[in-house]
Amino acid sequence: MATSRGGKRQQPLLLHSPTPAGAAGRRRFLVFLAVTAALVASYHHLLAPPNSSRYHALFLSLGSNATAAAHLRALTLRPHVAGTEVNAALARYVFDAFSSLSFPSHITPYSVLLSYPTHRSLSLAAARGLAARPFALVQETYKDDPYADAAAEVIPTYFAYSASGSVAAEVVYANYGHAEDYAYLASRGVDVTGKVALMRYGDIHCEDMVRNARAAGAAAAILYTDAKDFGGSAAKGEKRKWFPDARWLPPTGVQVGTLYYGNGDPTTPLWPSCAAGEDCERLSAEDLSGSEAMPGIPALPVSARDGETILKAMGGDVAPTKWQGGEDAPVYRLGPGPAVLNLTYIGNETLATIENVFAVIQGKEEPDRYVIIGNHRDAWTFGAVDPSSGTAAMLEIAERLSKLQAKGWRPRRTIILCSWDAEEFALIGSTEWVEENMDTLASRAIAYLNVDISIFGPGGLRPRATPQLDELIKEASKMVPDPDEPSQTLYDTMMRYHPPITRVAGAGTDFAAFLQHVGIPSLDMSYGLFEEYPVYHSLYDDYVWVEKFGDPLFNRHVAVASVWGLIALKLADEEIIPFNYISYASELEECTKDIIDKCTGFPVRFSPLQKSVKQLQSAATKIHKEKMLLQAENWSLNSKQYTQKARDINDRLIMAERAFTNREGLAGRPWYKHMIYASSDEDDWGTKAFPGIVSAMDKAKKSNTTESWRLLQHEIYRAARAVSKASAVLDGGLT
């Protein structure tokens, strides 16, 4: 029996195709195809030359805890904020690591607007006219801290792109800073206008919290880390513990972040920046100061201790029970006053150089198809969990791939490993690169696989992805033991959660430009739960925390690297790309039902969306059958015929996600072009299916005007057109 692709293959005599006749015949034919495909796969495994599955098994056997730990230690010796010399040195470290593995590597620089603090001060007076007490605004090192000297290099706590200015005003407590929280304050007669809004982290991103405060009329904003959410709890009769004695955030810990409401370099929205010294169009400082993407008011993050001090000085009505702190907290009151805060913040927005680092493993048969693996490198402080745990895992993957190459492996398609810069400021490095290479990526990228944070602590694998990747994630996770329960696989522990795979959307990290701007299938995953990582974006996110609490044996790093790398290998090596759009269609059907239920009695029609989802279901089923049939025909096709058919199917699988995008983007957010999955326009971390419809629906409920219902109907049509476009791509024909 011939096994090479050089000519015709003799079909085994037992594999005779039944002739379909009626519904029963068609069912028998589908069963025949499934059996035949399984037989073909088994023959291939036995008779084909050494194939990719052998190398994939070898990849899984090459994991190294010591390698992951060594990389993490090297990456976290000093704080490395984007635009600093230390972060540039780490770019060279990653470049050298790639180059030492004989991967062609390069660095791509961009000149972008970054933001640093020049002056900060905050003081509290019990009432107007009384002496004010200044806050130190310092995160304290802990006893025997091995990084105490390096901690002096940490940039003072601040919010990037905060407006500069001075405000002296009474304080109003606004809970977690939701728009609904300000509506509640208004209902209680609490006027926020001209006041300082005090909010606690926990539910939404800091940029959304400050935007909501500004919209409510606040003159400034203070965000603190409430011990109830980040400080842990103590057993009865015992004192509360925090890092380094427990995983919890110390009382002086501060969570920093960015307030820019956009993605990429603020001076080059919707187009790429350039390297220093090159000429490119930029927005002026005047343009930026008047931009809705900027916070517009001074804001500052403070610790739990400082936040509690402010709350103790406040008067007014007692806040609702849900707004209160933990057992040991004082009674929280709404204000305003009599406490007065005097806040001054002066920032320095400056053009600085950032550097993305790349390694390219050229594909053998399809070098023009890209599987992209990425993680960012910059951190607010030491960044041991965020992002260096992901970088350590990516470098561990790179070492395994190098060993595979030494054994003779070459990927079918090109694999690109990416170390992004300035993610913490506004996903800048990845966004600028995607904007610069958008057209090439749109035609060539298969998927983007991101791990921002590889480990939070215990809790199992927690992937989030676009739905066509679901089956691939499950398949790969079945092959990797769970590091916390070795008798179980990552799949076993993952399936305990509902849903086991959530959706990747919004602007959480570097997948955003790939998915939201271009429409490239995307994945992001971590091991454990975010709630197990209370030192997020603080001084205490260091190597000691990871070694004691995040991943003491570095088994979790290796497990994440294993499943991450295996998914990349399957996408790079399998002849037919392992995407399944049937689950995509099923999910959109459920999402449509959910939205319809929320719009009962509204003067809008959802029939266009329902029709388009049915089209997607039909197209997804069709291409799935074509894949099965091609596998069954594999024995009777010569190399050229098989390659042409496989390429056609692969092209449709790749391009379908692109069709979910709209060149105009979401209403009021043109950078976000994906019509199916995106963040809420009120929460940059939140995920919404059919975001345009959801936003229009919320506005229509509030205003109840003819125009608002018309706009909702328009968004229903826009979403329906996107789904229909994707259906047409999967179908492969022309109307």
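This is a predicted model: local features need pLDDT of at least 70, side-chain atom pairs count only at pLDDT 80 or more; totals for chains, interfaces and linings use all residues.
The domain assignment divides the protein into three parts. Between the C-alpha centres of domain 1 and domain 3 the distance is 27 Å. To the contact between these two domains, domain 1 contributes 31 residues and domain 3 contributes 23 residues.

The size of an interface is often given as the accessible area lost when the parts come together. For domain 1 and domain 3 the buried area amounts to about 2,200 Å², and 53% of this area is given by carbon and sulfur atoms. Polar interactions also cross the interface: 16 residue pairs, both members at pLDDT 80 or more, are in polar contact. On the side of domain 1 that touches domain 3, two or more residues each are given by strand β10 (366–376), helices α13 (428–436) and α14 (438–444), strand β12 (445–450) and helix α17 (511–518). Of these elements, α17 provides the largest share, with 6 residues. By residue class, this side of domain 1 consists of 15 nonpolar, 8 polar and 8 charged residues.

Salt bridges between domain 1 and domain 3 number 4. A salt bridge is also found between Arg369 and Asp651, in which the closest N and O atoms are separated by 2.7 Å.

A further arginine, Arg413, is located in strand β11, which spans residues 413–420. Arg413 is classed as buried because its relative accessibility is 0%, below the 20% cut-off.

Helix α3 (residues 65–75) holds the buried residues Thr67, Ala68, Ala69, His71, Leu72 and Leu75. The packing partners of these buried residues are four helices, namely α4 (85–100), α11 (384–406), α18 (543–550) and α19 (555–573).

Most residues other than glycine have a negative phi, and most peptide bonds are trans. Two cis peptide bonds are described here. One joins Gly337 and Pro338, with omega about 0°; Pro338 is situated in the loop that connects α10 (304–312) and β9 (340–361). Another joins His498 and Pro499, with omega about -5°. Pro499 belongs to the loop between α16 (490–494) and α17, and α17 is the helix that gives 6 residues to the side of domain 1 that touches domain 3.

Positive phi values occur in two non-glycine residues considered here. Leu427 has a phi of about 55° and is placed in the loop between α12 (423–426) and α13. With a relative accessibility of 5%, Leu427 is therefore counted as buried. For Phe690, phi is near 50°, and this residue occupies the loop between β16 (683–689) and α23 (691–703). Phe690 likewise counts as buried, because its relative accessibility is 0%.

Terms used
Residues are numbered from 1 along each chain as its sequence is written. Side-chain values use heavy atoms; hydrogens and water are left out. Domain bounds come from an automatic or database domain assignment. Contact means heavy atoms within 4.5 Å. Buried area is the accessible area (1.4 Å probe) that two parts lose on being put together, summed over both. A salt bridge is a side-chain nitrogen of Lys or Arg within 4 Å of a carboxyl oxygen of Asp or Glu. A polar contact is a pair of N or O atoms within 3.5 Å; within protein, one must be able to donate a hydrogen and the other to accept it, and residues adjacent in sequence count only if both atoms are side-chain atoms. Ala, Val, Leu, Ile, Met, Phe, Trp, Tyr, Cys and Pro count as nonpolar, Asp, Glu, Lys and Arg as charged, and the others, Gly among them, as polar. Buried means under 20% relative accessible area, exposed over 50%, partly exposed in between (1.4 Å probe, protein chains only).
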